[in-house]
Amino acid sequence: MNKKGILIVICGPSGVGKGTICKKFLTKNTDIKLSISATTRSPRAGEEHGVSYYFLDAQKFEDMIEKDEFLEYARVYDNGYGTPKKAVFENLEKGEDVLLEIDIQGAMQVKEKYPDGVFIFILPPSLEELKNRIVKRGSETEESFKKRFGSAFSEISKIENFDYYLVNNDLDKAVGQLESIIMAEKNRVSRYKDCILKKFEEEL
Ligand code: 5GP
């Protein structure tokens, strides 16, 4: 069966631990490709160009918008972030699953353009815990912290647009739930009915 890959979209408020969940999930599921986003923000300690993000200047980012090279893009906390579309579609066509870890504005754009995606929202155990995690990360200025924490509830209030949610209380449990979601999606009849029928028709 020549199956297309699944586009997995992971979203959730800043500091909720999306990055940690995705990293562990991808380490255990090496066949799933992570889409590397472009951003105009500066690299944090330990972040590498082409691995964490493609770190671009504002002009190059605008050029990519102009050339329609993004599947989605958004301004998040004063910086541009976008998903380069070429790599995503090449991988999906090859049958590879692709994971996007993006903000809610981007997720909504992807849903509009590619409703076949699986849209997953990660929740913190509580807002208090989210606040502690952002502070603990220690990479934000006071102003950036306020913006990141301030938008958390408005993002959570859009959860109805998602297919699944996870609560990031326990990392292993959250990763296990993510694996179960993807496993179930791989056996969704509506996604693969044409492939299934074709396979059995060929045998008639
Ligand atoms: P950070 O600066 O902490 O790496 O990311 C800030 C926010 O931007 C996070 O919510 C992250 O998920 C989101 N983000 C990262 N890459 C993209 C992208 O390609 N598109 C969009 N829309 N958001 C992104």
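Trainee: Leaving aside its neighbours within four places in sequence, which residues is Gly12 in contact with?

Mentor: Before we start, note that this is a predicted model, in which local features need pLDDT of at least 70, side-chain atom pairs count only at pLDDT 80 or more, and totals for chains, interfaces and linings use all residues. Residues are numbered from 1 along each chain as its sequence is written, and side-chain values use heavy atoms, with hydrogens and water left out. Contact means heavy atoms within 4.5 Å, and Gly12, with neighbours within four places in sequence left aside, touches Lys18, Phe121, Ile122 and Glu155 in this way.

Trainee: Is Gly12 buried or exposed?

Mentor: Buried means under 20% relative accessible area and exposed over 50%, with partly exposed in between (1.4 Å probe, protein chains only). Gly12 counts as buried because its relative accessibility is 2%, and Val16 is buried too, because its value is 0%.

Trainee: How many residues of the lining of the second largest pocket are charged?

Mentor: Asp, Glu, Lys and Arg count as charged, Ala, Val, Leu, Ile, Met, Phe, Trp, Tyr, Cys and Pro as nonpolar, and the others, Gly among them, as polar. By that scheme, the lining of the second largest pocket has 7 charged, 4 nonpolar and 3 polar residues, whereas that of the largest pocket has 12 charged, 14 nonpolar and 13 polar.
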